[in-house]
Amino acid sequence: MGIPKLLGVFLVMEMMSGFRSGAHGLSMEYYIMSCPIAEFIVRNSVIRALQADPTLAAGLIRMHFHDCFIEGCDASILLDSTKDNTAEKDSPANLSLRGYEVIDAAKEELEKQCPGVVSCADIVAMASTYAVFEAGGPVYDIPKGRKDGSRSKIQDTINLPPPTLNASELIKMFGQHGFTAQEMVALSGAHTLGVARCSSFKNRLSDAVDPNLDSGFAKQLTKICSAGDNTEQPFDATRNHFDNLYFNALQRNTGLLASDQTLFASARTRNIVNVYAFNQAMFFFDFQQAMVKMSMLDVKEGSKGEVRKNCRKIN
């Protein structure tokens, strides 16, 4: 591990020291007595999954984000629909989410070792941190102690940011959750991993091509998307490696989504993109801080939630 990454780890651990004593009801050592192997089990599940399919790293990070932005980090994204309710996961915005089986595998093992102890919300949050690290990103810890929620409704997913938002709209939406513009840009850097489907960016390729899109890249995308809306295109050149190439792509006007390229097109966020494109260590540090903050959005504690036995249904 390089010096910048180690420095980032130490700084974040210092920053998070307040959670060791249980501030906000969460704690780094929440399971130290009740299930000391909890983190080991979750990490092993993630490692096994990524060894078989490295593309799942992006899925696990995106799942955590989509969970936390709706009803807080309470594993509402994992609940299956029932005959009386269409759940979040069946929203068009979530149909491309992947990695549910990784969470299921971790939960199954945890229920064998520590039945009724580790929440699905904590598993999702922990899995995202291990996915970042295993893909080459920063290592960081998050406080544990979230409880699982009971509400999961498709209509709530209207609060997820669509790929067409501009920088001002993104700043406003993230601001409603307590994030600064810089934290929003750092979190957007998660698009260093994964792909987007043509349906998410084909609007940029119409007769009036997006002026913020490189013309050569636009022609390339048009050719790729001629195969159909479900055709996939990586966000950057290293789709399975966590780095800062996403920000370099924005500087070249080859950001994939409108909501990506707007970060460089807007004067309000361009300088942040330039800093992260130049300084990967700075991006890593700001990203891990923002992810820790996101992992604590509207968490349910104590009697406000439960620990599901099966992550796909309430007890």
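Analyst: A crossing is called left-handed if the near helix is turned anticlockwise from the far one by less than a right angle, and right-handed if clockwise. Helices here are DSSP runs (H or I, at least four residues), numbered from the N terminus. By that convention α7 passes α11 in a right-handed crossing. This is a predicted model, in which local features need pLDDT of at least 70, side-chain atom pairs count only at pLDDT 80 or more, and totals for chains, interfaces and linings use all residues. Residues are numbered from 1 along each chain as its sequence is written, and side-chain values use heavy atoms, with hydrogens and water left out.

User: At what angle do α7 and α11 pack, and how far apart are their axes?

Analyst: Two packed helices are described by the angle between their axes and the distance between the axes. Axes are lines fitted to C-alpha atoms over the stretch in contact, and angles run from 0 to 180 degrees between N-to-C directions. Helix α7 (residues 181-188) packs on helix α11 (residues 270-278) at about 45 degrees, with the axes 10 Å apart.

User: Which residues of α7 and α11 meet?

Analyst: With contact taken as heavy atoms within 4.5 Å, A181, Q182, V185 and A186 in α7 meet I272, V273 and Y276 in α11.

User: What is the handedness of the crossing of α3 and α5?

Analyst: The α3 and α5 crossing is left-handed.

Key
Helix = DSSP H or I, 4+ residues; strand = E, 2+ residues; numbered from the N terminus.
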